[in-house]
Amino acid sequence: MNRVMKPLAYYAYSSMRQGNQIEVPIPYTIMGFDMPVFLSFEDIYEFINLQEISANCILVYMRYLEELCRINGQAEKFVFVSPSLISPVRTDTEDAGRRERADNLLSFLHDAPKERLYLVPHNRGRHWVLGVIDPWEDLVLYFDPLREKKRDDFTELMNMALVDWKITTGEGIRRRRDCKTKFSNRPCPLQEGSVECGYFILGENGLDM
């Protein structure tokens, strides 16, 4: 076990096995409203043992990165969007609530200044990917540890949100000759097992920080 993990492991085994949890406040800038996230013993156990990572762990790491951006004077450059707002809850319906999820994303993009990037972890069904959105360039960078080309829900979600954004900002009129959002598959460490995707996405979340 990594020595950095040992104090966390000690605390988890000594204080959390009876049901105690770690409460972490998540600000409105990530969730759209202020709310706490509670890390359970299972969350910590899976994380320190490099098992399948929970959405709560990813949320807490995003909270850390946002604070790091503030300390480094980069708070205006990056916005982190909670995966719970844009990942499908059910995959047995045709669009898995895509309209509502696109509206959630649009609420973050609404007043987007130029040169701001939006980091959007997305779980498409027990697999984590990451999108980095530059709305003013009409560009979405896509990081997938499996390097698969299939990204149907993600693509449709991004297109719905960005089309609405272009309409509300007038960008759709300015770009009437070419209104299609550009998607770019970006290099990402190749996942060899079945559970590493979440950890790779944590690493990609730290782009240029």
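# Close-up views of a predicted model

Figure 1. Of the 209 residues in the chain, 44% are buried. When contacts between residues at least 6 apart in sequence are considered, 61% of them join residues at least 24 apart. The views that follow turn to the sheet, then to salt bridges and aromatic rings.

Figure 2. Five strands, in the order β3-β4-β5-β6-β7, form an open sheet with mixed pairing. At its edges stand β3 (78-80) and β7 (182-185), each of which pairs on one side only. On average, neighbouring strands of this sheet are turned by 25° against each other, direction ignored. Helix α6 packs on the sheet and touches β3, β4 and β5, and the direction of α6 makes about 160° with that of β4.

**Figure 3. The pairing of strands β6 and β7.** Strand β6, which covers residues 139-143, runs parallel to β7 and is joined to β7 by four bridges. Within this view, V140 can be found opposite F183, a residue of β7.

**Figure 4. A salt bridge between two loops, R126 with E52.** The structure holds nine salt bridges, and one of them is formed by the side chains of R126 and E52, with a distance of 2.5 Å from N to O. R126 belongs to the loop between β4 (117-123) and β5 (128-134), while E52 belongs to the loop between α3 (41-48) and α4 (55-71), so this pair ties together parts of the chain that are 74 residues apart in sequence. R126 is exposed, with a relative accessible area of 64%, whereas E52 is partly exposed, with a relative accessible area of 31%. Side chains of opposite charge can pair when their charged atoms come close.

Figure 5. Because R99 lies in helix α6 (residues 98-109) and D164 in helix α7 (residues 152-169), the pair ties together parts that are 65 residues apart in sequence. R99 is partly exposed, and its relative accessible area is 35%.

Figure 6. R101 and D153 form a salt bridge whose closest N and O atoms are 2.8 Å apart. This pair, too, links distant parts of the chain, since D153 is in helix α7 and R101 in helix α6, 52 residues apart. D153 counts as buried at 14% relative accessibility, and R101 counts as buried at 6%, the cut-off for buried being under 20% relative accessible area. A network of salt bridges links R98, R101 and D153.

**Figure 7. V163 in helix α7 and its distance to P135.** V163 lies in helix α7 and, at 38% relative accessibility, counts as partly exposed. Computed along the sequence V163 and P135 are 28 residues apart, and in space the distance between them is 10.0 Å, C-alpha to C-alpha.

Figure 8. The structure has seven aromatic pairs, among them a tilted pair of Y61 and Y64, with 5.8 Å from centre to centre and 40° between the planes. Y61 and Y64 are three residues apart in helix α4, which means that about one helical turn separates them. Both residues are partly exposed, Y61 with a relative accessible area of 27% and Y64 at 46% relative accessibility. A tilted pair is also formed by Y142 and F154, with 5.0 Å from centre to centre and 55° between the planes. Y142 is in strand β6 and F154 in helix α7, twelve residues apart, and the pair links distant parts of the chain. Y142 counts as buried at 2% relative accessibility, and F154 likewise counts as buried at 2%.

**Figure 9. A cluster of three aromatic rings.** Y13, F41 and Y45 are linked into a cluster by ring pairs.

Methods:
Residues numbered from 1 in each chain as written. Predicted model: local features only at pLDDT ≥ 70, side-chain atom pairs only at ≥ 80, totals over all residues. Heavy atoms only, no water. Salt bridge = Lys/Arg side-chain N within 4 Å of Asp/Glu carboxyl O. Buried < 20%, exposed > 50% of the residue type's maximum accessible area, 1.4 Å probe, protein only. Pairing = 2+ DSSP bridges. Axes fitted to C-alpha atoms, helices over the stretch in contact; angles between N-to-C directions. Contact = heavy atoms within 4.5 Å. Phe/Tyr/Trp six-rings, centres within 6.5 Å; stacked < 30°, edge-to-face > 60°.
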